[in-house]
Number of protein chains: 2
Amino acid sequence: MSVITIERKVLEKNDEIASKNRGLFQEKGVFAVNLVSSPGSGKTSLLERTLEFLKGKARIAVVEGDVQTDLDSRRIEKYGVPVVQIVTNGSCHLEAKLVQDAIGRIDLNDVDILMIENVGNLVCPSGYDLGEAMKIVIVSTTEGDDKPLKYPAMFRNSSVLIINKIDLLPYVNCNLEDLKNNALQINPKLRIFETSCTTGLGIRDWSEWLLNKGSNS
Amino acid sequence: MSVITIERKVLEKNDEIASKNRGLFQEKGVFAVNLVSSPGSGKTSLLERTLEFLKGKARIAVVEGDVQTDLDSRRIEKYGVPVVQIVTNGSCHLEAKLVQDAIGRIDLNDVDILMIENVGNLVCPSGYDLGEAMKIVIVSTTEGDDKPLKYPAMFRNSSVLIINKIDLLPYVNCNLEDLKNNALQINPKLRIFETSCTTGLGIRDWSEWLLNKGSNS
């Protein structure tokens, strides 16, 4: 028995549970997004700004995935939304079963948009379907403009790209047009938003887009 | 047969080859370091600055690990040092076998210091010994000060922490003292350097430390 066979079985089992999650989201009218990025790209900060903007406009719940600590869920719970922390305890990505367990603790009848923040990792989470409507990849300008070419699977498997930390562009070695072109070369269908959680730039555009998606699901 | 058993066998096999690599490095008097970090923390830029500083002072070779592209090795070869690019083609970390193959293409008799740049990933490479003398973890200030707590294995298994992009501290939400304290809480033995590849701050201290290590191995 080879490792590849085992791997395939693990992925098949994951896809099966992901399908169940997806079915449940559709039944309950929940728009579920899977936020993926490198560590420190600003996923949690983006969540905070989005929750502020959409307060009173949509019912949002959050699932936080981290290798260790509940630091992120403690940041999110201040916004008064349902949040469940998954600690993977060493594992480098979320799996559908962990999300299944997490959403069992949320009343999905009261949720329009479910935001799942994956473990910070630009490689492994790309291969694991959680049942989400789409993956949203966040890349910060400080990471440089070559990341879509170097980590293509994540950009290929995502529907939306959020370029975060736009306010730092003057100080870093990142050409915004190159970054966008590299991303579109990997995935021409990517919808791109530019944001700064520090200045608030682009938060409205992104949040209104998300609200619109959440209202129609 | 469980996945865990397979995983253990893969790791045992990896450790076996890592031991061979380590034996070879010792025999040839090569000081080998395994550079690990998130994508975009500045591993390649740090390599470039280090190669500039140590030019004529030490014989350096580089192994570049990337999921895709040879962008990094093309940057490094401009410095006139031996460089081998490993493209993992989807895999999220380097393994000892890949490094064994790579160093087979370098004459280690002419090398004092081997710098192995791992795949950008703050989780998976922590568990794979490549035969290096030590892991060196790079974290940039833009990633925030909580990363050691959220990704502890990498900081626990590293001997040196390089805090990069120090020049961006005024613009980002990162408390340098908190970052250092969080890292030392996970691993009190960490040797810490602070660098900026843009201003050159700290490059001398780090490079001289590396040179000293390379001269004594």
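Two residues are in contact when heavy atoms of one lie within 4.5 Å of heavy atoms of the other. Please bear in mind throughout that this is a predicted model.

**First stop: the interface**

Colour chain A and chain B separately and select the residues where they meet. Here 35 residues of chain A are in contact with 34 residues of chain B. Between them the two chains bury about 2700 Å², and 67% of this area is on carbon and sulfur atoms. Which three residues supply more of the area that chain A buries against chain B than any other three? Select Pro39(A), Lys150(A) and Tyr171(A), which supply 22% of it.

**Second stop: charged and polar pairs**

Remain at the interface and display the side chains. The rule finds four salt bridges across the interface of chain A and chain B. To view a salt bridge, select Asp72(A) and Lys150(B), whose side chains meet at 2.8 Å, N to O. Nine residue pairs are in polar contact between chain A and chain B, with both residues at pLDDT 80 or more. Now select the helices α1 (3-28), α3 (71-77) and α5 (147-150) of chain A; each supplies at least two residues of the side of chain A that touches chain B. By type, the residues of that side divide into 18 nonpolar, nine polar and eight charged.

In soluble globular proteins, nonpolar side chains tend to be buried together. The largest nonpolar core of this model has 49 residues. Select Phe155(A), Leu161(A), Ile163(A), Phe155(B) and Leu161(B), the residues that touch the most other members of this core. In chain A as well as in chain B, β5 (134-140), α6 (152-156), β6 (160-164) and α7 (176-186) each supply at least two residues of the core. Then centre the view on Phe155(B): among the residues that Phe155(B) touches, leaving aside those up to four places away in sequence, are Leu122(B), Val137(B), Leu161(B), Ile186(B) and Leu190(B).

Finally, select Ser140(A), which lies in strand β5 of chain A. Is Ser140(A) buried or exposed? Ser140(A) has a relative accessibility of 1%. Buried means under 20%, so Ser140(A) counts as buried. The side chain of Ser140(A) makes a polar contact of 3.0 Å with that of Thr142(A) and a polar contact of 2.8 Å with that of Glu143(A). Not counting residues up to four places away in sequence, Ser140(A) touches Ser41(A), Asn164(A) and Lys165(A).

Key:
Residues numbered from 1 in each chain as written. Chains lettered and ligands numbered in written order. Predicted model: local features only at pLDDT ≥ 70, side-chain atom pairs only at ≥ 80, totals over all residues. Heavy atoms only, no water. Buried area = accessible area lost by both parts, 1.4 Å probe. Polar contact = N/O pair within 3.5 Å; in protein donor to acceptor, adjacent residues only side chain to side chain. Helix = DSSP H or I, 4+ residues; strand = E, 2+ residues; numbered from the N terminus. Nonpolar A, V, L, I, M, F, W, Y, C, P; charged D, E, K, R; others polar. Core = buried A, V, L, I, M, F, W, Y, C linked by side-chain atoms within 4.5 Å. Buried < 20%, exposed > 50% of the residue type's maximum accessible area, 1.4 Å probe, protein only.
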